Amino acid sequence: MKTIKDMSKISGASIRTLRYYDEIGLLKPTKLTQAGYRLYDDKALEKLQEIMFFRELEIPLMDIKVIIDNPNCDKEQALFTQKSLLEQKRNRLNGIIELITDVMKGVNTMSFGAFDNEEMQKMVNHALECMSKESLDEQVQRYGSIEQYKEHLISGFANEQAAADLLKWYGSKEKAIEAVMQSTGNAEEIKQEQAENSKIYKQFMAAKEADNMNMAHSAVEMLAENYKTMFALDNARNILLDLAKEYLQNVKLAEATDRQFGKGCSKYVAHAIQHYYGV
């Protein structure tokens, strides 16, 4: 038998809390000594652990009492549900921690002025300089002239939705411009980044096959790191959540991804990203 002090030390619940649980009938001691001291057996300790699980989920004490006192309660199913809810809570915290990290790095997440014409011209000219001759010739042929292709690129920077997306991804106009100007268009670097992406998507498919969410979460973390490298991002959370949304809404993108990596890949990746970030 264990004393109330033993129970407090084992569970982390205060003695005062355990006395209160006794008062409301949530956790009665197994027996009382002649001197009135509370004693608890292993079954009482197991019950206390269940209560602590539910308290972690911020479920009201009276609701916990109803659940635990129900003789038809499936304890295994209850633990499975608790685990799932705690994972969701943890995943939401992942996103909050990343946002706090942005703030600590000085990322301004509240303001984003429109690109002026000079800034757009500067970024577009840099992008064109980084393109291979073959790619540039292909786009010129598609749009009729290099000037028309430049107008197309500039319209992308001027698009309100595109500006809003860049704000989410980079936190400020200045960081977005800096990221664009860091791009070198190095073919070998791009090839390595694409190879890393393929490796990560294969892990997603392995996780899907094994029904292993831990493996999927590891793949999300790897994808986030690769996207940080590819797009010069401090934080990949928002761009990955946008990617997940695209996979679920853009049929052509989903089909192209599934053709490359396997049936159901796009949907699985989308859900893995959303699960990781608690969405």
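**Close-up 1. Salt bridge between Asp 22 and Lys 28 in the predicted model.** The side chains of Asp 22 and Lys 28 form a salt bridge with an N to O distance of 2.8 Å; the term denotes a side-chain nitrogen of Lys or Arg within 4 Å of a carboxyl oxygen of Asp or Glu. Asp 22 counts as buried, at 10% relative accessibility, whereas Lys 28 is partly exposed, with a relative accessible area of 48%. Buried residues have under 20% relative accessible area, exposed residues over 50%, and partly exposed residues lie in between (1.4 Å probe, protein chains only). In this predicted model, local features need pLDDT of at least 70 and side-chain atom pairs count only at pLDDT 80 or more, while totals for chains, interfaces and linings use all residues. Residues are numbered from 1 along each chain as its sequence is written, and side-chain values use heavy atoms, with hydrogens and water left out.

**Close-up 2. Salt-bridge network of Asp 22, Lys 28 and Arg 38.** Asp 22 also forms a salt bridge with Arg 38, in which the closest N and O atoms are 2.8 Å apart. This pair links distant parts of the chain, with Asp 22 in helix α2 (residues 15-23) and Arg 38 in strand β3, 16 residues apart. Helices (H or I, at least four residues) and strands (E, at least two) are DSSP runs, numbered from the N terminus. Arg 38 is partly exposed, at a relative accessible area of 22%.

**Close-up 3. Open sheet of 3 strands with antiparallel pairing.** The strand order is β1-β3-β2, and the edge strands, β1 (2-3) and β2 (31-32), each pair on one side only. Two strands count as paired if DSSP finds at least two bridges between them. Strand β2 is joined by 2 bridges to the antiparallel strand β3 (residues 38-40). Within β3, Arg 38 stands opposite Leu 32. Strands of a sheet pair through backbone hydrogen bonds, in either a parallel or an antiparallel manner.

**Close-up 4. Salt bridge between Asp 42 and Lys 2.** The side chains of these residues meet at an N to O distance of 2.7 Å. Asp 42 belongs to helix α3 (residues 42-56) and Lys 2 to strand β1, so the pair ties together parts that are 40 residues apart in sequence. Asp 42 counts as exposed, at 54% relative accessibility. A search of the whole structure finds 5 salt bridges.
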